[in-house]
Amino acid sequence: MEEYSVTVTDLINKMNLVNHTPDIDTDKVLIKDPNMNRPAVQLAGFFEHFDAARIQICGNVEYAYIANMHTEEENIEIFNKLFAYKIPCLIFCRGLKPYDFIIELGNKYGVPILTDESETTSEFVHEVVRWLHVELAPRISIHAVLVDVYGEGVLIMGDSGIGKSEAALELIRRGHRLVSDDVVEIKKVSDETLVGTSPDTTRHFIELRGIGIIDVKTMYGVECVKQTQTIDLVINLEDWNKEANYDRLGLEDQYTEFLGNKVVSHSIPIRPGRNIAVIVESAAVNHRQKKMGYNAAQELYNRVTRNIARNSNK
């Protein structure tokens, strides 16, 4: 699987960090690991199992340790070892000012020395880890349309020309929001969560055969578009086949798999007169009900079972 990265420049801009080593070209320093490390044991001289690919964080504890536990010569020796591992950067939280010798060694080894102004170290760490897990997540691009319908991320799939974009446009006119048309980039941010977004080039545009390209944001307003959306439901549009056995009850969920994550899916046959937008809306609401503990198909099954039981006892 392809490995992704962000630059230290991206991190600085995202988190509004102060850079104490401006001579280092942070565009060329890459972050590939979404996790972070507080180098307490490394400051004590223990470097076995040290994960140098992670961002290194210094909070109050590490700052006090540097000040009180070693002479400056010993600290310089420790940081020479630390920076020799080519860590992506060292960040001091809570607005703590880096010691001058650390800045000098950072410039020597090409390690950016940064400062964050958050009130707590844990608050900063949680925010950066959350952001990095999204930015560095495994991803694929597929031919589909992604729409936010009543808060549910609905991925509409199907052969080219089957009507995905037209269904999305009708959903937009009914008050729902477009995330992406034609190409959807899917990121696996956890073992349970997939997030979809649009490529920058085609964001907010829809292609309608016979008309051309329309700008949804300009035509319908900013409230009709969205940047990202979790993928909760897949709708597969397919040509009507009278020989096919389509699910009419929905007692058992079907799934489509992306990057190892399974997403509930429905196959919707297309034929003249079917309002696909209304069907997608109904599927989204039904899926939401199931997540809240109510299953209409199961309720119908239970009623039928109770009626059969009552009739058999008469």
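Ile214 is found in strand S15, where strands (E, at least two residues) and helices (H or I, at least four) are DSSP runs numbered from the N terminus. The model is predicted, so local features need pLDDT of at least 70 and side-chain atom pairs count only at pLDDT 80 or more, while totals for chains, interfaces and linings use all residues. Residues are numbered from 1 along each chain as its sequence is written, and side-chain values use heavy atoms, with hydrogens and water left out.

**Exercise 1. Decide whether Ile214 is buried or exposed, and find the partner strand of S15.**

Solution. Start with the cut-offs: buried means under 20% relative accessible area, exposed over 50%, and partly exposed in between (1.4 Å probe, protein chains only). Ile214 has 10% relative accessibility, so Ile214 counts as buried.

Next, look for the partner. Two strands pair if DSSP finds at least two bridges between them. Strand S14 (residues 205-208) and strand S15 (residues 212-215) are joined by four bridges and run antiparallel. Within this pair, Phe205 stands opposite Asp215 in S15.

Finally, check the turn. S14 and S15 form a hairpin with three residues between them, and Gly210 in the turn has a positive phi of about 95°.

**Exercise 2. Classify the ring pairs Phe79 with Phe83 and Tyr99 with Phe101.**

Solution. Begin with the rule: rings of Phe, Tyr and Trp (its six-membered ring) pair if their centres lie within 6.5 Å; planes under 30 degrees apart count as stacked, over 60 as edge-to-face and the rest as tilted. The structure holds nine aromatic pairs. In one of them, the centres of Phe79 and Phe83 are 5.7 Å apart and the planes are at 65°, so this pair is edge-to-face.

Phe79 counts as buried at 1% relative accessibility, and Phe83 counts as buried at 0%.

Turn to the second pair. The ring centres of Tyr99 and Phe101 are 6.1 Å apart and the planes are at 15°, so this pair is stacked. Phe101, at 11% relative accessibility, counts as buried.

To finish, gather the rings: Tyr63, Phe79, Phe83, Phe92, Tyr99, Phe101 and Tyr109 form one aromatic cluster.

**Exercise 3. Describe how H4 and helix H5 (residues 100-109) pack.**

Solution. Axes are lines fitted to C-alpha atoms, for helices over the stretch in contact, and angles run from 0 to 180 degrees between N-to-C directions. H4 and H5 pack at an angle of about 30°, with their axes 10 Å apart. That makes H4 roughly parallel to H5, given that angles under 35 degrees count as roughly parallel, over 145 as roughly antiparallel, 65 to 115 as roughly perpendicular and the rest as oblique.
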